[in-house]
Amino acid sequence: MRTSIRVGALAMATAATLLMSGCSATAGGGDDGPVKLNYWAWAPNLEKVVDIWNEKNPDIQVTVQKQDGGDPAITKLLTAIKAGSGAPDLIQAEYQKIPTLVSSDALADLSEYGADDIEDSFAAGVWDSVTLGSDAIYAIPQDSGPMMFYYRADIFEELGLAVPTTWDEYAEVARAVHAADPAKYLGTFSSNDAGWFTGMAQQAGASWWGIDGEAWSVDIAQTPTETVAGYWGGLVEEGVIDNKPMYTPEWNAGLNNGEQVGWLSAVWAPGVLGGNAADTTGLWKAAPMPQWDVDAPATGNWGGSSTAVTTQSKHQEAATEFATWLNTDEEAVQALVTTSGIYPADAAQAKAVLTAPPEFFSNQPEFYDIAADVAATVSPFTYGPNVNVAYSAYNDEFAKAAEAKTQSAFLAAVEAMQEITTADMKKSGFTVK
Amino acid sequence: MTVTEAPVATRSSTPPVRRGRGTFRTRVLVPYAMLAPGIILFVAFMAAPIVYTLFLSFQKTKVSGLGLGAGARSTVFAGIDNYVTTLTNTEFGASVGRVLLYGFILIPLMLGLALLFALLLDSRRTRAAGFSRTAIFLPYAVPAVISSLLWGFLYLPAVSPFYFVFDTLGWDVPSLLSAGGVTFAIANIALWGGVGFNMIVMYTSLKSVPSDIYEAAKLDGASEVQIALRIKVPIIAPAIVMTALFSMVATLQVFAEPTTLRPLTNSLSTSWSPLMLVYRDAFTRDDIYSAAATSIVIALVTFAFSFLFLRVVQKRAFGQED
């Protein structure tokens with residue numbers, strides 16, 4: 001109900017500006033009136049940010065059409081592309097969906113409209129995800145989810161533990177935490193969250209897909225990912241890391257009652273912790289991820305999305321202009337942070353805008369300084385055209401491994417992911433090396 | 001009957017040719033006009049989707065090269081490729097095996113309990129029958145997704161009041177969401193929701209039995225238990241067969257319960273049941289074509305099962321009606 005009122009209000013505002021510009025635009029715009037753009041997105045309160053644009057740009061009016069989330073919006077878009085009509089001008093697309101969309105010819109190449117001017121605003125790892133390593137630019141990065149390590153500072157202090165800076169230290173701390181209280185774990189290995197594991201593999205230097213000339217390569221079963229899987233398999237086998245999925249009522253309770261002492265998550269974690277573990281306000285702290293190589297600090301991305309222009313849009317240039325403004329303009333980014341609560345991909349703007357820590361982390365005033373340092377170290381990673389298949393293979397194979405609780409099962413799961421992903425690409429007809 | 005008599009009536013009166021033609025046309029068209037809403041709805045929402053699914057099942061996506069950009073992806077005729085893939089897919093075989101085991105646990109228990117409750121409610125000594133009937137039926141009104149969420153909470157040791165009690169008593173009860181218990185966990189949810197519905201079907205059937213049969217049995221010295229087993233059960237056998245058939249079809253189509261429980265455990269794969277496999281292929285893997293082929297296979301298997309079952313039991317259950 002509320003959305004429909006809001007949409008109605010927006011429509012009226014649009015109609016009003018339409019009338020007004022209809023009187024004044026006779027000189028320039030011809031008699032078509034302002035360009036109207038539809039924008040499918042699910043970021044909370046995004047329409048308020050778009051209102052700022054609409055007020056300043058009577059010639060390009062953008063309407064946000066609220067979507068349920070990343071997956072349903074993409075499924076809808078792919079259907080519209082297949083049908084030949086019905087797609088919006090702009091869509092919020094998660095980074096891992098971009099190759100799938102490009103492969104279905106759903107996204108316009110924005111390099112024609114000058115989108116390459118803003119390349120320097122983004123970390124190289126993020127920019128790679130929207131170009132797929134080519135000269136084309138398929139989307140403008142909006143937010144990113146650099147991974148960080150969150151821990152209960154009070155419990156660490158009580159047990160006399162230092163914040164781990166390497167994965168070896170993380171394993172030691174995990175053993176100490178579990179030894180002090182068998183109900184407590186430093187973390188859990190979740191077979192439900194493929195994006196989480198991808199981020200960890202990314203940190204270790206993995207890039208699961210690659211373009212090599214005219215062929216794709218699938219590089220899941222290689223040293224970086226095997227190292228990560230073997231590491232977690234070892235800890236789960238030892239019993240010092242939990243094997244239950246994240247985002248269950250049980251896990252939520254564990255975050256709140258101190259049984260989950262740490263969480264390897266991303267910069268958006270304060271929102272989740274605030275919602276699920278309200279009793280622990282002020283007890284958590286954030287730190288950079290434990291490292292494989294302390295001399296070359298790295299992290300992965302968990303989550304994050306971009307603004308893309310569809311091939312069905314009749315106003316691709318105007319849409320690019322809007323997408324660029326939305327994600328790099330100071331006022332827009334400020335509004336995205338304050339009203340939509342995202343962590344902007346634009347590094348310079350992020351630093352300028354994010355000065356106070358999130359409410360849940362008021363005990364750590366330097367929260368966003370840490371985040372900014374971490375964000376600069378995101379490793380490059382190339383997603384392929386069948387991320388969905390690899391992710392569902394992750395769910396199934398690592399569920400089996402987590403249940404089996406053996407290191408060998410974790411390594412077998414990596415092999416199986418590689419096999420399933422490659423077989424699917426070959427079956428569809430992709431040239432795979 | 002009235003339609004065949006109509007010409008006789010016209011013949012007896014003066015025969016105006018034009019009126020006769022009109023009647024003829026009406027006679028032919030009126031039934032179709034009356035059937036039209038049903039036919040249109042059937043064609044639009046049943047026949048057309050089935051035909052379209054068949055059509056999709058013989059196609060596949062063909063990508064060339066890197067598959068990036070315009071024209072890299074096309075839809076081509078696949079022959080029976082998708083069917084071969086489905087039938088040779090070990091995941092599909094495993095999922096069918098799992099739901100068969102699930103049905104083997106669920107159906108006898110559910111129908112047994114439903115029959116027991118129906119007979120108890122129908123026996124003359126029962127008190128508070130109306131209340132009990134509603135109480136047993138009520139879970140059926142809870143949507144499967146909601147009941148799965150409810151039971152999901154009860155299954156998770158850390159948040160379950162049951163496990164709190166077990167812990168207090170010092171019992172070490174394994175989690176029902178572990179690999180060995182998850183089939184029982186899902187069967188339990190379906191049992192909780194399904195007993196009431198099946199009980200109502202059987203109970204309604206019992207109510208339509210004339211009471212003088214029971215009086216006659218009583219006079220012959222039959223006990224309540226004997227009446228139940230020797231008279232009531234055979235009489236409502238067709239109702240029992242029908243509930244068994246519905247339950248079998250529902251078993252092969254189980255989807256909501258395992259899908260809702262899946263995020264809570266490592267023991268449920270995305271292809272646990274055949275329909276979950278179809279859903280995953282269609283909406284997670286974007287392969288609507290092989291999903292269509294798998295759907296057709298599931299529909300055929302369901303048909304085959306239903307017919308076989310009816311053939312086996314029909315003689316015995318509906319014998320008196322022939």
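Between which two helices of chain B is the loop that holds B:Asp286 found? B:Asp286 is in the loop between helix 13 and helix 14 (288-317) of chain B. The model described here is predicted.

**Residues with positive phi**

Most residues other than glycine have a negative phi. Two aspartates in this model carry a positive value: B:Asp286, with phi near 55°, and A:Asp105, with phi of about 55°. A:Asp105 sits in a loop of chain A, between helix 4 (98-103) and helix 5 (124-131). Both aspartates have a relative accessibility between 20% and 50%, so A:Asp105 and B:Asp286 count as partly exposed. The table sets the two side by side.

| Residue | Phi | Relative accessibility | Loop |
|---|---|---|---|
| A:Asp105 | about 55° | 26%, partly exposed | between helix 4 and helix 5 of chain A |

**A buried serine in chain B**

B:Ser273 belongs to the loop that runs between helix 12 (256-261) and helix 13 (274-284) of chain B. Its relative accessibility is 0%, and because buried means under 20%, B:Ser273 counts as buried. With neighbours within four places in sequence left aside, the contacts of B:Ser273 are B:Ser95, B:Val99, B:Val254 and B:Phe255.

**Domains of chain A**

The domain assignment divides chain A into domain 1 (2-144 + 304-353) and domain 2 (146-301 + 364-428). Taken over C-alpha atoms, the centres of domain 1 and domain 2 of chain A are 31 Å apart. Between them, 13 residues of domain 1 of chain A touch 17 residues of domain 2 of chain A.

**Packing of helix 16 and helix 17 in chain A**

Helix 16 (residues 387-404) of chain A packs against helix 17 (residues 407-428) of chain A at an angle of about 160°, and their axes lie 9 Å apart. Because angles over 145 degrees count as roughly antiparallel, helix 16 of chain A is roughly antiparallel to helix 17 of chain A. The crossing of helix 16 and helix 17 of chain A is right-handed.

On the side of helix 16 of chain A, the contact residues include A:Val389, A:Ala393, A:Tyr394, A:Glu397 and A:Phe398. Helix 17 of chain A contributes, among them, A:Phe410, A:Val414, A:Met417, A:Ile420, A:Thr421 and A:Asp424. By type, the residues of this contact between helix 16 and helix 17 of chain A comprise 15 nonpolar, one polar and two charged.

How values were computed. Residues are numbered from 1 along each chain as its sequence is written. Chains are lettered from A and ligands numbered from 1 in the order in which they are written. This is a predicted model: local features need pLDDT of at least 70, side-chain atom pairs count only at pLDDT 80 or more; totals for chains, interfaces and linings use all residues. Side-chain values use heavy atoms; hydrogens and water are left out. Axes are lines fitted to C-alpha atoms, for helices over the stretch in contact, and angles run from 0 to 180 degrees between N-to-C directions. Helices (H or I, at least four residues) and strands (E, at least two) are DSSP runs, numbered from the N terminus. Angles under 35 degrees count as roughly parallel, over 145 as roughly antiparallel, 65 to 115 as roughly perpendicular and the rest as oblique. A crossing is left-handed if the near helix is turned anticlockwise from the far one by less than a right angle, and right-handed if clockwise. Contact means heavy atoms within 4.5 Å. Ala, Val, Leu, Ile, Met, Phe, Trp, Tyr, Cys and Pro count as nonpolar, Asp, Glu, Lys and Arg as charged, and the others, Gly among them, as polar. Buried means under 20% relative accessible area, exposed over 50%, partly exposed in between (1.4 Å probe, protein chains only). Domain bounds come from an automatic or database domain assignment.
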